[in-house]
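Hello, and thanks for passing this one along. Please have a look at the sequence and the fold first, then read my notes below.

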Amino acid sequence: MSQPTADDADAAASALVVVTVVRTGGIAGMRKTWSAEPAPDEQEHWVTLIESCPWDESVGETRGADRYVWSISARCGEQHREADLPDQAVAGPWRTLVDEVRQVAKR
C-alpha cells in the first residue's frame, strides 16, 4: 500500500464541496446557520445544484422591518461563490439549494 502524496492531498482539497447557508433577521434578529459537506459520491449532484444558481445576477435591495436575509456560500474545490439574498429572492434554484443544505444539516 502506498502512502498519500502531496498531489493526492491537493486533488482531495480541489474536489471538496462545502455549502453554508446563514439566515439572519426576523422579529428577534436571530442568526441560524446550516452547512453541508457532501460525501465524494454525492458531490456531482451538489455541484449541479450550485451551478444552477444565478450567482452573478443582481437581486436588488428590499427594505422592511423583520425581513430575513440569506447569505449563501459555496465552495467547489478551488472555486468559491457567495451571495446575499433577501427572503423573497430565495426561489427556484436558490430555494432548492437552501432546502437541501437545511435537510442535510438535520441529519
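Which two strands form a hairpin with two residues between them, and which residue in the turn has a positive phi? The strands are β3 and β4, and G77 is the turn residue, with a phi of about 65°.

1. Ground rules. This is a predicted model, in which local features need pLDDT of at least 70 and side-chain atom pairs count only at pLDDT 80 or more, while totals for chains, interfaces and linings use all residues. Residues are numbered from 1 along each chain as its sequence is written, and side-chain values use heavy atoms, with hydrogens and water left out.

2. Confidence. The mean pLDDT (the predictor's confidence in each residue, from 0 to 100) is 85 for the protein, and 79% of its residues reach 70 or more. Please treat one stretch separately: over residues 4-13 pLDDT stays under 50. For that stretch the model has three contacts (heavy atoms within 4.5 Å) beyond four places in sequence.

3. The sheet. Four strands make an open sheet in the order β2-β1-β3-β4, with antiparallel pairing. Here strands (E, at least two residues) and helices (H or I, at least four) are DSSP runs numbered from the N terminus, and two strands pair if DSSP finds at least two bridges between them. At the edges sit β2 (30-36) and β4 (79-86), each pairing on one side only. From one strand to the next, the twist averages 10°.

4. The β1 and β3 pair. Nine bridges link β1 (residues 17-25) with β3 (residues 68-76) in the antiparallel sense.

5. Helix α2 lies across β1, β2, β3 and β4, running at about 45° to β1. Helix α3 also lies across β1, β2, β3 and β4, at about 85° to β2. For the angles, axes are lines fitted to C-alpha atoms (for helices, over the stretch in contact), and values run from 0 to 180 degrees between N-to-C directions.

6. How the helices meet. The axes of α2 (residues 43-52) and α3 (residues 93-106) come within 8 Å and cross at roughly 140°. The two helices are therefore oblique to each other, given that angles under 35 degrees count as roughly parallel, over 145 as roughly antiparallel, 65 to 115 as roughly perpendicular and the rest as oblique. From α2 the contact draws on H45, W46, L49, I50 and S52, and from α3 on P93, T96, L97, E100, V101 and V104. These residues divide into seven nonpolar, three polar and one charged, where Ala, Val, Leu, Ile, Met, Phe, Trp, Tyr, Cys and Pro count as nonpolar, Asp, Glu, Lys and Arg as charged, and the others, Gly among them, as polar.
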